[in-house]
There are 2 protein chains.
Amino acid sequence: MAVTIRDVARASGVHISTVSRTFSAPHLVNPETRSRVLATAEQLGYRPNRAARALITGRTHNIGLIVADIANPFFPPLIKAAETHARRRDYHVFVADTDEDPIVEAELVQALAKQVDGILLCSPRMSDDQIELLRREVPLVVINRLITGLPAVVMDVGQGAREAVLHLLGLGHRHLVYLAGPRGSWTNREIRRAAGATARAAGAELTVLGPNQPVEETGAAAAEAVLGTGATAVFAYNDLMAIGLLQSLQDRGVDVPGQVSVVGIDDIAYSVLVRPRLTTVANPTAAAGRTAVDMLLQHGDDGPAGQVTLRTDLIIRNSTGPGPYAPAVALNAEVAAHVKE
Amino acid sequence: MAVTIRDVARASGVHISTVSRTFSAPHLVNPETRSRVLATAEQLGYRPNRAARALITGRTHNIGLIVADIANPFFPPLIKAAETHARRRDYHVFVADTDEDPIVEAELVQALAKQVDGILLCSPRMSDDQIELLRREVPLVVINRLITGLPAVVMDVGQGAREAVLHLLGLGHRHLVYLAGPRGSWTNREIRRAAGATARAAGAELTVLGPNQPVEETGAAAAEAVLGTGATAVFAYNDLMAIGLLQSLQDRGVDVPGQVSVVGIDDIAYSVLVRPRLTTVANPTAAAGRTAVDMLLQHGDDGPAGQVTLRTDLIIRNSTGPGPYAPAVALNAEVAAHVKE
DNA sequence: TAATCTGTTGCAAACGTTTGCCGACAGGAG
DNA sequence: CTCCTGTCGGCAAACGTTTGCAACAGATTA
């Protein structure tokens with residue numbers, strides 16, 4: 001049924017090896033022969049069978065991309081960028097969704113292992129040991145998690161959190177809430193640590209609420225709790241939660257940013273569609289996807305690549321405003337220096 | 001390096017064919033032998049090589065999923081549902097993004113053809129002829145498009161559009177705008193036709209603005225044009241455009257739904273996060289994804305499956321309100337009957 | 001007792017490629 | 001005319017499976 005290398009060989013009067021070489025090592029075949037083969041191949045509609053090729057070369061030209069939740073708007077831009085970038089390098093991408101379940105995550109890596117040249121693990125929820133084990137079966141690049149010895153690309157949420165907290169302090173807020181993300185998330189720990197350190201250094205109070213599933217519902221549900229703390233500013237694990245909170249506060253008649261300031265993380269497309277527009281820490285997700293693909297693909301040549309950190313940017317929009325205290329302007333530099341060490 | 005069927009055979013003292021059968025036809029091997037083989041396989045960490053299996057069986061246990069734009073929030077729920085459903089049936093999914101480009105679309109189908117058992121084509125932008133050609137290379141199931149003889153699952157946007165227009169007419173609007181979607185979209189044509197017919201039957205006016213790229217920017221950019229028409233209600237190709245328009249109108253001080261009513265299509269997650277909450281036609285995208293996978297996988301057994309139409313639902317929220325005319329309540333039934341034929 | 005059947009296993013070919021090796025041939029140098 | 005060198009293309013093995021066929025043993029039937 002399908003046209004194979006053999007059909008092309010027969011039709012153009014050469015041996016199959018010549019056809020093979022025409023495609024995989026063109027310089028080894030006489031230009032004249034080559035063009036003849038190419039012509040008949042084109043005419044017959046021949047396309048190399050990648051599975052067969054993979055069998056002998058050991059390279060599938062496929063990669064796997066495993067994310068916690070495809071429907072979480074944080075991921076699609078990353079998936080899109082990774083896929084486009086991979087395709088440009090003639091790789092196809094398996095995308096899989098773990099539903100935030102570490103067990104499924106591990107199963108997926110194993111199932112995909114034989115079929116890909118490597119796997120991109122986005123914000124994995126597995127334990128370090130687990131990942132350590134899996135990397136022996138298949139090359140891995142991790143996104144948004146740092147594990148010694150493992151190639152990784154992380155977005156520097158710590159820095160982003162620091163900036164965001166400084167922004168809030170600078171506006172005169174002294175009591176903040178961190179609306180935490182899911183258990184097992186490296187990002188969550190980073191944010192919490194950085195935000196905590198920054199607040200502490202400035203003598204401000206930081207209340208942590210969580211852990212929470214990273215969806216808008218939990219953000220909305222947290223409104224009461226947030227108001228209960230008496231804090232005047234909230235920093236959320238992601239934009240989804242921030243937006244949920246934002247709307248929930250407004251629905252209760254709380255003015256944002258008049259009474260409470262809200263900051264998110266990620267800068268998903270919707271953070272600008274909501275009113276007030278959300279102040280947030282922009283994550284370079286597309287760049288992360290591309291970088292991770294690059295690291296995975298060069299993995300074979302030299303040893304495992306290193307760890308790349310991408311900077312994040314605080315984007316100040318309309319969901320943050322002056323707090324009840326004097327703007328701690330002078331404080332900023334001091335605190336920044338303090339925290340940076 | 002990787003452990004093969006041969007290693008297992010050697011370690012358990014049987015022939016490779018027995019090992020093979022242990023996995024692919026267990027009933028053909030002695031229970032005792034089977035458990036012994038299974039044990040050593042487990043111990044050695046053997047996993048069948050799908051590429052090799054595919055080579056001989058002709059079934060890859062992979063499917064392709066091609067969408068116009070992964071980052072368009074319409075698609076992720078569909079991708080997620082399809083992937084999860086496919087995986088439950090032991091299939092892996094290649095996801096690819098065409099960036100709304102019909103050329104890329106065709107290339108992708110060809111590139112993926114040899115590597116999958118079938119491809120899901122979501123809202124393709126190619127011509128019917130093009131698709132007709134490609135279906136000879138690989139089994140295809142199309143989503144959101146109707147092509148005679150080709151298995152398809154469509155969401156009945158025509159019905160949704162009808163309902164939405166009737167809703168608007170019932171509220172007392174007599175001049176509507178349809179903010180059109182992209183050229184080449186079957187869905188766009190369906191909506192336009194259904195909305196046009198319904199409006200005409202009721203003696204109302206429908207102005208079409210477009211075609212447009214289906215993103216929020218074009219919705220926002222259309223605000224001036226919409227106001228220029230003097231219409232009091234707008235029906236948009238999708239929620240993204242509706243939301244863009246919504247915010248843009250509000251930014252100009254136009255009250256929604258006081259002065260202008262806005263209706264979207266899709267019911268993406270954000271339509272409920274925006275204020276006012278968006279009235280929209282809910283599309284069963286997850287169900288569509290699952291159904292399409294089912295159709296693709298049973299494709300082999302009997303002939304090409306038929307065409308499935310999924311119903312859509314108008315969800316009335318807060319972006320639509322009374323228009324300047326008397327509510328055309330009595331009209332509704334009459335018009336509905338008229339339009340239904 | 002011979003013939004037949006059933007259940008279990010081994011053998012080997014096949015799937016569509018790639019690739020190391022070798023021979024054929026041409027042209028240049030001696 | 002011989003030898004050498006280099007280019008081109010054929011041969012065949014290999015990749016990890018599946019599967020039709022045959023072999024064999026033991027059980028069943030006539």
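**Exercise 1.** Which residue forms a salt bridge with Glu100(B), and how far apart are the closest N and O atoms?

*Solution.* Before starting, note that this is a predicted model: local features need pLDDT of at least 70, side-chain atom pairs count only at pLDDT 80 or more, and totals for chains, interfaces and linings use all residues. Residues are numbered from 1 along each chain as its sequence is written, chains are lettered from A and ligands numbered from 1 in the order in which they are written, and side-chain values use heavy atoms, with hydrogens and water left out.

Step 1: A salt bridge is a side-chain nitrogen of Lys or Arg within 4 Å of a carboxyl oxygen of Asp or Glu.

Step 2: find the partner. It's Arg125(B), and the closest N and O atoms of the pair are 2.8 Å apart.

Step 3: Glu100(B) sits in the loop between β2 (92-97) and α6 (102-113) of chain B, and Arg125(B) in the loop between β3 (119-122) and α7 (128-134), so the bridge ties together parts 25 residues apart in sequence. Helices (H or I, at least four residues) and strands (E, at least two) are DSSP runs, numbered from the N terminus.

**Exercise 2.** Take the salt bridges Arg50(A) with Asp90(A) and Arg145(A) with Asp128(A), and work out what each one joins.

*Solution.* Step 1: Arg50(A) and Asp90(A) have their closest N and O atoms 2.7 Å apart. Arg50(A) is in helix α4 (residues 50-57) of chain A and Asp90(A) in the loop between α5 (75-88) and β2 (92-97), so parts 40 residues apart in sequence get tied together.

Step 1: Arg50(A) is buried at 15% relative accessible area, while Asp90(A) is partly exposed at 42%.

Step 2: for Arg145(A) and Asp128(A), the closest N and O atoms are 2.6 Å apart. Arg145(A) belongs to the loop between β4 (140-143) and β5 (152-155) of chain A and Asp128(A) to helix α7 (residues 128-134), so this pair links parts 17 residues apart in sequence.

Step 3: Arg145(A) is buried at 3%, and Asp128(A) is partly exposed at 35%.

Step 4: zoom out. Over all chains, the count comes to 32 salt bridges. Asp69(A), Asp97(A), Asp99(A) and Lys80(B) are linked in a network of them.

**Exercise 3.** Is Gly160(B) buried or exposed, and what does Gly160(B) touch?

*Solution.* Step 1: look in helix α8 (residues 157-170) of chain B.

Step 1: Gly160(B) is buried, at 0% relative accessibility.

Step 2: leaving out residues up to four places away in sequence, Gly160(B) touches Val281(B) and Thr312(B) (contact means heavy atoms within 4.5 Å).

Step 3: Ile265(B) is 105 residues from Gly160(B) in sequence and 8.3 Å away in space, C-alpha to C-alpha.

**Exercise 4.** Describe how the protein meets DNA strand D.

*Solution.* A residue is near a strand if one of its heavy atoms lies within 4 Å of it.

Step 1: pick out individual atom pairs. A polar side-chain atom of Ser17(A) lies 3.4 Å from a base nitrogen. A polar backbone atom of Ile5(B) is 2.8 Å from a phosphate oxygen.

Terms used:
Buried means under 20% relative accessible area, exposed over 50%, partly exposed in between (1.4 Å probe, protein chains only). A polar contact is a pair of N or O atoms within 3.5 Å; within protein, one must be able to donate a hydrogen and the other to accept it, and residues adjacent in sequence count only if both atoms are side-chain atoms.
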